[in-house]
Amino acid sequence: MHEMSIALAVVDQVGEAARSQGVTAVRTVRLLIGELAGVVPDALAFSFELACAGTAVEGAGLAIETVRARARCAPCDGEWAVGVPPRLACPLCGRATVELVSGRELRIAAVEWHDDPADPGVREPISQEG
């Protein structure tokens with residue numbers, strides 16, 4: 001399940017950015033994931049929650065925005081929604097000379113954080129002491 005390695009990388013990058021800005025808590029992480037990126041959103045959400053444990057990102061919400069796959073035909077300049085499974089032949093001219101213009105994205109689009117732990121909108125991390 002590569003979603004766990006993706007979640008760990010996201011948490012690491014967001015945590016590093018938070019530390020560099022002096023931020024103590026992250027509220028939301030928004031990801032853009034292309035429908036052809038090979039990522040299962042539910043598995044990523046589950047992995048994200050586990051990866052956040054004990055970090056500044058613990059308690060943060062994860063918002064996943066799916067980017068629809070689109071392709072362009074070079075010869076006729078037609079553009080269409082590829083779909084899943086992908087339809088890679090041009091619906092206008094039938095050629096398979098295709099350039100994917102979207103749908104493979106996997107990136108952090110935005111992070112919402114707070115540097116004030118007294119802010120009621122911040123979810124406190126669970127204490128590791130017990």
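Which residues does Cys-76 touch, not counting residues up to four places away in sequence? The reply is given in point 3.

1. Basis of the note. This is a predicted model, in which local features need pLDDT of at least 70 and side-chain atom pairs count only at pLDDT 80 or more, while totals for chains, interfaces and linings use all residues. Residues are numbered from 1 along each chain as its sequence is written, and side-chain values use heavy atoms, with hydrogens and water left out.

2. Overall content. The secondary structure of the chain consists of two helices and six strands; these are DSSP runs numbered from the N terminus, a helix (H or I) having at least four residues and a strand (E) at least two. Along the sequence, the pattern is α-β-α-β-β-β-β-β. The chain has 130 residues, of which 30% count as buried; buried means under 20% relative accessible area, exposed means over 50%, and partly exposed lies in between (1.4 Å probe, protein chains only). Among contacts between residues at least 6 apart in sequence, 71% join residues at least 24 apart, where contact means heavy atoms within 4.5 Å.

3. The annotated cysteines. In an unreviewed entry, UniProt lists Cys-73, Cys-76, Cys-90 and Cys-93 under "binding site". These four are spread over 21 residues of sequence but cluster in space, with a largest C-alpha distance of 8.7 Å. UniProt positions are given in the numbering used here, feature names are shortened, and annotations may be inferred rather than shown by experiment. Cys-76 is found in the loop between strand E3 (70-73) and strand E4 (79-81). Leaving aside residues up to four places away in sequence, Cys-76 touches Cys-90, Leu-92 and Cys-93. Cys-93 lies in the loop between E4 and strand E5 (98-102), and with the same exclusion its contacts are Cys-73 and Cys-76.

4. E3 and E4 pair in the antiparallel sense over three bridges; two strands count as paired if DSSP finds at least two bridges between them. The bridge partner of Arg-70 in E4 is Ala-81.

5. The sheet E2-E1-E6. Here an open sheet of three strands has the order E2-E1-E6, with mixed pairing. Strand E2 (61-67) and strand E6 (106-114) stand at the edges with a single partner strand each, so one side of each is left without a neighbour in the sheet. The twist averages 15 degrees from one strand to the next. Strand E1 (residues 25-34) and E6 run antiparallel and are joined by eight bridges; Leu-32 has Arg-107 as its bridge partner in E6.

6. Helix packing. Helix H1 (residues 3-20) packs on this sheet, touching E1 and E6, and its direction makes about 45 degrees with that of E6. Helix H2 (residues 41-52) also packs on the sheet, touching E1 and E2, and its direction makes about 155 degrees with that of E2. The axes are lines fitted to C-alpha atoms, for helices over the stretch in contact, and angles run from 0 to 180 degrees between N-to-C directions.

7. Beyond its neighbours within four places in sequence, Glu-3 is in contact with residues including Val-39, Val-40 and Leu-44. Val-39 is found in the loop between E1 and H2 and is buried, with a relative accessible area of 12%. Not counting residues up to four places away in sequence, Val-39 touches His-2, Glu-3, Ile-6, Ile-33, Leu-44 and Leu-106.
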